[in-house]
Amino acid sequence: MRATDRSRVKSPWILHFDTGSCNGCDIETWALLTPRYDIERFGMLNKANPKHADILLVTGPVSMKVAPRLKNLYDQMPEPRLVIAVGNCACTGAPFEECYNVHGGVGKIIPVDVFIPGCAARPEAIIDGVVLGLKLWKRRAFSPNASSVSAPAGGVEVKG
Amino acid sequence: MAVDWTQLTMQMLLVVLSPVAVGLLFGIDRKITAHMQNRIGPPIIQPFYDLVKLFGKRPMVMNNGQIVFAYAFLILQAAALALLVSGGDLLIVFFVSGAGSVAFVLGAFSARSPYSFYGSQRELLQILAYEPVLLLVILLIGYDRGTFTVSSLDMSLLPALSLALIALMVVLVIKLQKSPYDIATAHQEIVSGPYVEYSGPYLGITKLANWFEVAIVLGIFTLFYWNEDALFSIAGKVTIVAVALFATQVLDNATARLTRERMLKFTLLFGILLVALNMALVYLSKEGVF
């Protein structure tokens, strides 16, 4: 494996974005940073900045108001990047799917690579999802000068 | 004049290896910090993974000025380190490195982003806080030894200038972007300050330049010990650097971020006071009082 590919897998920096979640999935996501789960041992850091991030973790159903912001954040992330939908709401919209103020899942706005179901998604499942995403990354050839890298249609689902 | 090739090769190796050493030190730092927080932490070579990954990402730039200033930051810091290891003038090292820091601030100012602006204002304040202390310490070295040339500093500075060494700790904490003085890059507060608009390879360049910057400050720390025996000399230098870094780690994990005003007040008052006291001691010993 090339050094850059290896480094990419070893150092995924995360941007967490809440598109209207009830905070359940957010709390589980934040739990990853605690000594109990300690995702820094995989080199993951929470960067709170789309320009530094490699992985976009989205929680919650995408509301009308937040959709353009989600798109904006996604566009600001330099490639290669991954999008991971955390929780049932982010995957499909779940109970909010047909609400008048909600688009539904994250996949309606931006291409999603990994879906992590659960209400709320467990921290272990989120770690599994990220690892699965990184495996996808290994398979996908990326060169910094290629025009675009498309996500697999429909994404993959973590068996919760 | 004949060129001493072995010496030249040694010096070039040192310029290349110093940032690598600083990267490893950052890795050890993250590991120790993790253990202090009851975590396992990333592998020691994690900073290199981060750097290589950043260089492999697609470049996204705000404007051309940003790139030019990022390169200027790197080149000036590398030049300052090259001057230091080749036994050059400490004052020139200080000014070249200072110019590099200002280039970084200008790069951050060139992007029209509130966080970037705010971060670079704070970075300027930090420069205002540590530069006088660093300059005074270097002037004190010159006053004590009668020369600013690194290659002719063939005596331990530690016995005469121990207070100045403590004052240098303030500079180290700011350069390492650690609490309580991680004011410019304050995460959670202003994201990552001057770094916020840099992404991909250009973020990598600014990170690498910061490694050079830290290598220069640690290089000044190593000047405080010197021995006839090269082995003793190196052991002493490594000990000083290790103790200083461990002290910053304990500080980082034990303190919260202070305000800008308190940083300025503390560094200027405490730092300048210590250096002035040390200067008085050096003066008295030169006059033969003790």
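User: How are helix 1 of chain B and helix 7 of chain B oriented to each other?
Analyst: In this predicted model, the axes of helix 1 (residues 5-36) and helix 7 (residues 200-222) of chain B cross at roughly 95 degrees. Angles from 65 to 115 degrees count as roughly perpendicular. Helix 1 of chain B and helix 7 of chain B are therefore roughly perpendicular.

User: Which residues of helix 7 of chain B make the contact with helix 1 of chain B?
Analyst: The axes of the two helices come within 9 Å. By class, this contact has seven nonpolar, two polar and no charged residues. Helix 1 of chain B supplies Ser18(B), Pro19(B), Val22(B) and Gly23(B). Helix 7 of chain B supplies Leu208(B), Trp211(B), Phe212(B), Val214(B) and Ala215(B).

User: What is the orientation of helix 5 of chain B to helix 9 of chain B?
Analyst: Helix 5 covers residues 114-145 and helix 9 covers residues 260-287, both in chain B. Their axes come within 10 Å and cross at roughly 5 degrees. Angles under 35 degrees count as roughly parallel. That makes helix 5 of chain B, relative to helix 9 of chain B, roughly parallel.

User: How many nonpolar residues are in the contact of helix 5 of chain B with helix 9 of chain B?
Analyst: Residues of helix 5 of chain B in this contact include Val133(B), Val137(B) and Tyr143(B). On helix 9 of chain B, Val275(B), Met279(B) and Val282(B) are among them. Three residues are polar and three are charged; the nonpolar ones number 17.

User: Is Tyr143(B) buried, partly exposed or exposed?
Analyst: Tyr143(B) lies in helix 5 of chain B. Beyond its neighbours within four places in sequence, Tyr143(B) contacts Met279(B) and Val282(B). Buried takes 20 or more other C-beta atoms within 10 Å, and exposed takes 12 or fewer. Tyr143(B) has 16, so the class is partly exposed.

User: How many residues on the side of chain A that touches chain B are charged?
Analyst: The interface joins 18 residues of chain A to 24 residues of chain B. On the chain A side, five are nonpolar and six polar. The charged count is seven.

How values were computed. Residues are numbered from 1 along each chain as its sequence is written. Chains are lettered from A and ligands numbered from 1 in the order in which they are written. This is a predicted model: local features need pLDDT of at least 70, side-chain atom pairs count only at pLDDT 80 or more; totals for chains, interfaces and linings use all residues. Axes are lines fitted to C-alpha atoms, for helices over the stretch in contact, and angles run from 0 to 180 degrees between N-to-C directions. Helices (H or I, at least four residues) and strands (E, at least two) are DSSP runs, numbered from the N terminus. Angles under 35 degrees count as roughly parallel, over 145 as roughly antiparallel, 65 to 115 as roughly perpendicular and the rest as oblique. Two residues are in contact if their C-beta atoms, placed from the backbone, lie within 7 Å. Ala, Val, Leu, Ile, Met, Phe, Trp, Tyr, Cys and Pro count as nonpolar, Asp, Glu, Lys and Arg as charged, and the others, Gly among them, as polar.
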